[in-house]
Amino acid sequence: MRTSGILMHISSLPSDYGIGTLGKEAYRFVDFLKSAKQRCWQILPVGPTSYGDSPYQSFSTNAGNPYFIDLDMLCEEGLLKKTDCDKLSWGADKKRVDYEIIYKNRFKILRKAFNNFKKGDLTEFNAFLEKNEKWISNYALFMSIKDDNGGKSWLEWKDGLRKRDPHSLWEFKSAHGDDVIFWEFLQFKFFEQWDKLKKYANNNGISIIGDIPIYVALDSADVWVYPDLFELDGDLMPTAVAGCPPDAFSPTGQLWGNPLYNWKRHKELGFDWWIDRIRAATSLYDVVRIDHFRGFEGYYSIPSGDKTAEHGKWLKGPGMDLFDAVKKALGDLPIIAEDLGFLTEDVHKLLKKSGFPGMKVLEFAFDPREESDYLPHTYTSNSVVYAGTHDNNTLLGWLKELDKDTLDFCKKYLDAEDDLAWKIIKTAMASVSDTAIIQMQDYLELDESARMNIPSTLGGNWQWRMGKRDATKKLAEKIADITRTYGRCERQ
């Protein structure tokens, strides 16, 4: 079935409290998607964000972001009063997220909600804890210790806590039991609100496409709890880190800094950690996009301590051994492989063996110097086409940046001289790809100021938000018309 959808993260939804949430505006966006004849809503990872505010650097692969808990819903439950929320600052700019203010004020108000919550019936809460025991107690303990240490990385904690000495952990939990329960409460509320929103979306014919990064953050509960699954030395420091080698866009490469997996150990354990991770992701989302898929075939290893990615080396990944184990445990799964960047023949073979659809991005297509796999006439149906992703400029911003030769080729290929952004959207929708995804910013015809992320930069990213009146009935009708024209919904 040919489908289409819109890419917009939860954080980009409008709200009165500085950042998008799982509240009424999320439900309104589902209604917009339905009226626009879309079947998919693609979002970014929903985990709790750490330094730099990137959803791709989270404190946990299992937890949800407390920023997305809707405060109005907590007011409706009687856990907060509207005046509690209104008297705090959430930032002056309704179109940008001010993460510093959110960090300072969101947890204050959530603590107040927690204190009221404790006075009520905890039956459902306790059932939630029991269901999620495999990860939630460790995560809540991790966040409590981090909080008590002024937000410092677990690598800077006292040895007993850093190395998970049972007595040290017991002592801490005994002294900070209420704080641990607070972090569990946040997860209870996140998943309670998430489950309701997802059910509403599904009941309205909308599937949610979620995203999981291939790597986890060094400062995460995952690495703290399972250090043997990562390339760490005897003192729990990384011996090598992840990144990308130098290329035409980045002369010194990209140094991501994430710890690398100890794939030998993962294989010895039957890839249990990955099976659990993908099981959780496919429960959370309807479709899962796995970031940096090529890292499963071969990954770039950079010596820890290097300031650039220039001296890394390629090493063999787990390949189909991992995906065979996942399939054996979980069956066939709705997964999208993010296969962008420089791909070897071995990566192409892995993608083909997996059967997962890969990605096509039109902003990568129009280099006049060489034939590109991103040009639509090269696509197969088992693919997902994007005009651009969260790492790309908006279409209008991208068109401004093009040199004359690339722009000329783009116009020639599209057979258009003007209104190129909409022509690119229509080209994506017209392609043979089973699924077409367009960023909301591009439907709103926004320029580079609405770009979500500039890779390898810190600060100023992940901030864009949609205005309350932007998702209009007129725009929905325009999107619906394109969707009908190219056979991505019923012609009605």
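Strand 7 and strand 8 (residues 313-316) run antiparallel and are joined by four bridges. Within this pairing, Tyr 300 has Trp 314 of strand 8 as its bridge partner. All of this comes from a predicted model. Strand 7 also pairs with strand 4 (residues 240-244), again in the antiparallel sense, this time over three bridges; here Ser 301 of strand 7 stands opposite Ala 242. Strand 7 itself, covering residues 298-303, is mostly tucked away, with five of its six residues buried.

Eight strands go into it, with parallel pairing, in the order 9-6-3-2-1-12-11-10. Strand 9 (335-337) and strand 10 (358-361) sit at the edges; each has a single partner strand, so one side of each is left without a neighbour in the sheet. On average, neighbouring strands here are turned by 25° against each other, direction ignored. As for side chains, in a regular strand they alternate between the two faces of the sheet.

Zooming in on one pair from this sheet, strand 3 (residues 207-212) and strand 6 (residues 287-290) run parallel and are held by four bridges. Asp 211 has its bridge partner in strand 6, namely Arg 289. Helix 12, made of residues 272-284, lies across strand 3, strand 6 and strand 9, and runs at about 150° to strand 3.

Now for what is packed inside. The largest nonpolar core counts 159 residues, and Phe 29, Trp 41, Trp 194, Phe 296 and Met 440 touch the most other members. The element that gives the most to this core is helix 9 (residues 177-203), with eleven residues.

Stepping back to the whole protein, the secondary structure comes to 19 helices and twelve strands. A compact globule of 492 residues would have a radius of gyration near 23 Å, and the protein agrees with that, at 23 Å. Along the principal axes, the C-alpha atoms fill a box of roughly 70 × 55 × 40 Å. Buried residues account for 56% of the 492. Among contacts with a separation of 6 or more, 75% come from residues 24 or more positions apart.

Methods
Residues numbered from 1 in each chain as written. Predicted model: local features only at pLDDT ≥ 70, side-chain atom pairs only at ≥ 80, totals over all residues. Heavy atoms only, no water. Pairing = 2+ DSSP bridges. Helix = DSSP H or I, 4+ residues; strand = E, 2+ residues; numbered from the N terminus. Axes fitted to C-alpha atoms, helices over the stretch in contact; angles between N-to-C directions. Contact = heavy atoms within 4.5 Å. Rg over C-alpha atoms; globule rule 2.2 N^0.38 Å. Buried < 20%, exposed > 50% of the residue type's maximum accessible area, 1.4 Å probe, protein only. Core = buried A, V, L, I, M, F, W, Y, C linked by side-chain atoms within 4.5 Å.
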